[in-house]
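Take a walk through this protein with the viewer open. Find each part as you read.

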Amino acid sequence: MKKEILDYLNNNRSKHLDDLFDFLRIPSISADSSCSGHIEEAAQFLKKEIEGLGFQTEIIRTSGNPLVYAQTTIDPSKKTLLFYGHYDVQPVDPLELWKSEPFNPVLEGTTIYARGASDDKGQLYSHLKAIEAWVKTGNEIPVNIKLIFEGEEECGGHAVYEFTENNAEKLACDAVIVSDTSLYNAQTPAICYSLRGMSYMEIKLTGPSKDLHSGSYGGAVQNPANALCEIIAGLKDSRGHILIPGFYDDVVILEDDERKSFASLNYTDADLNRETGAVSPFGESGYTTLERMWARPTCDVNGMISGYTGEGAKTIIPATASAKISMRLVPHQNPEKISEAFTAWVKKICPSGVSIEVINHHGANPVMVERDGAMLTAGSLAMEAGFGKKPVFIREGGSIPIVGTFKSELNAPVLLLGYGLPDDNIHSPNEKYELENYYNGIICTATLLKTASEV
Ligand SMILES: [Zn+2]
């Protein structure tokens, strides 16, 4: 990396922080319709910033929130990188648990606190500051750059999917860069190569037409709450193995080298207990905790509703019972197929005396991207330059559904270069972003613009 680019970044640290704070001040909560003006404001903020870099920039109107799209003049002799990020943020409640105002960013020691600091404004903004360093020092960027930033990642919108499917040529690239994940830990940079998908279901059981006196009718009719427990008990055995027939059919078996590389991270039971406050780890036998979190599917009750839950005792047989259940899926499970298998199974094991309805709320495909190849090498070198250490290759338990769409529609490798930390409190009160990660992320992206041109 050219010294003058690094010098520029060093000399502009405080300005780059001020600029990020301006971005973080915009309350662009996509789930809250009263914030739609701020969604527009965030899109315009990005447009103005990117125009300042000399890019052709447009705001693309969609059926949902606007997309910000920009590109350099395309030189066909250069490789092309497409950067993706989202400018919308999660809601802030419960507000009383925040130590500072979520949209009044503060620097406490070496930590930035604000909603969106890590997810994803801080990470997205690293890319713009990296580009700025090349442009403002008068250096020709050795790759073509395309930028696409969306405003409905946090509310499940479809605009960016539709746009990608309909504009594959416009978005054509040699690699997609997504910075919306995290380092493995504060000392260890990581490149993520697999994300879990999801099938989200709800079971509704109906018994008597109204809550009944449990003395008068108890023992004579099926109790929907009891029946629901029977069904839930039939989803998984005591060793954590999911009992839905066919559930594991398409699961990609963990390779030996993956198991070795996960094991080398030395993630312990004590680490898990500390992070979660859990009493002890629990899960499918035959797999380590990291393997279960990253590479094995799950089936978990997210919530149950039935009967009397108020103070004291009320003696009833409830009329209804329901449960929301999520299944995290791994490559190459198919959400539709899993939802169907789930529905068939719970209907089969549903006890008599209740009627059952099964609702499929939403699904997301799991995704696995390349673990090697030229662009991965470029990404790895950039991470090392930014964070001072070779990255480890990890999977993630969560989902970023757009990654699957980029992979299939653009037919390009997707690099998940995460600059956040696992404990950044994303989606929670006191979201944070470490100052060093912000600056190191900028160096990483600035380096990538060069390393990608050389591989
Ligand atoms: Zn995000």
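Predicted model: local features only at pLDDT ≥ 70, side-chain atom pairs only at ≥ 80, totals over all residues.

Now look at the angles.

Histidine 86 sits in strand E3 (residues 80–86). Aspartate 119 sits in the loop between strand E5 (111–113) and helix H4 (121–136). The two are 33 residues apart, and the pair links distant parts of the chain. Are these two residues buried or exposed? Histidine 86 is buried, with a relative accessible area of 0%. Aspartate 119 also counts as buried, at 6% relative accessibility.

Now turn to the strands. Strands of a sheet pair through backbone hydrogen bonds, and the pairing can be parallel or antiparallel. Find the open sheet of four strands, in the order E11-E13-E9-E14. Its pairing is antiparallel. Strand E11 (300–306) and strand E14 (355–364) are the edge strands, and each pairs on one side only. From one strand to the next, the twist averages 15°. Zoom in on strand E9 (residues 197–206). Nine bridges join E9 to E14. Along this pairing, glutamate 202 stands opposite isoleucine 359 in E14.

Move on to strand E8 (residues 190–195). How many of its six residues are buried? Six of the six are, and the strand is mostly covered. Strand E8 has several partners. With strand E16 (residues 392–396), E8 pairs in the parallel sense over five bridges. There, cysteine 192 stands opposite isoleucine 394. With strand E17 (residues 414–417), E8 runs antiparallel, and two bridges join them. Isoleucine 191 has leucine 417 in E17 as its bridge partner. With strand E15 (residues 367–368), E8 again pairs in the antiparallel sense, over two bridges. Here leucine 195 stands opposite valine 367.

Glutamine 56 is partly exposed, with a relative accessible area of 45%. The C-alpha atoms of glutamine 56 and threonine 72 are separated by 6.5 Å, while the two residues are 16 apart along the chain.

Now look for aromatic rings. The whole structure holds 11 aromatic pairs. Take tyrosine 69 and phenylalanine 163. Their ring centres are 6.5 Å apart and their planes stand at 50°, so the pair is tilted. Tyrosine 69 lies in strand E2 (residues 67–71) and phenylalanine 163 in helix H5 (residues 159–166), so the pair ties together parts that are 94 residues apart in sequence. Tyrosine 69 is buried, with a relative accessible area of 1%. Phenylalanine 163 is buried too, with a relative accessible area of 10%.

Compare phenylalanine 262 and tryptophan 294. The centres of these rings are 5.0 Å apart and their planes are at 90°, so the pair is edge-to-face. Phenylalanine 262 is in helix H8 (residues 256–263), and tryptophan 294 is in helix H10 (residues 289–294). This pair links distant parts of the chain, 32 residues apart. Both phenylalanine 262 and tryptophan 294 are buried. Elsewhere, ring pairs link Phe23, Phe45 and Tyr125 into a cluster.

Finish with the cysteines. A disulfide needs two cysteine sulfur atoms within 2.5 Å. By this rule, the count comes to zero disulfides. Check cysteine 229: the nearest cysteine sulfur, that of cysteine 350, is 12 Å away. Cysteine 229 is partly exposed, with a relative accessible area of 42%. For cysteine 444, the nearest cysteine sulfur belongs to cysteine 192 and is 15 Å away. Cysteine 444 is buried, with a relative accessible area of 0%.

Definitions and conventions:
Residues numbered from 1 in each chain as written. Heavy atoms only, no water. Buried < 20%, exposed > 50% of the residue type's maximum accessible area, 1.4 Å probe, protein only. Pairing = 2+ DSSP bridges. Axes fitted to C-alpha atoms, helices over the stretch in contact; angles between N-to-C directions. Phe/Tyr/Trp six-rings, centres within 6.5 Å; stacked < 30°, edge-to-face > 60°.
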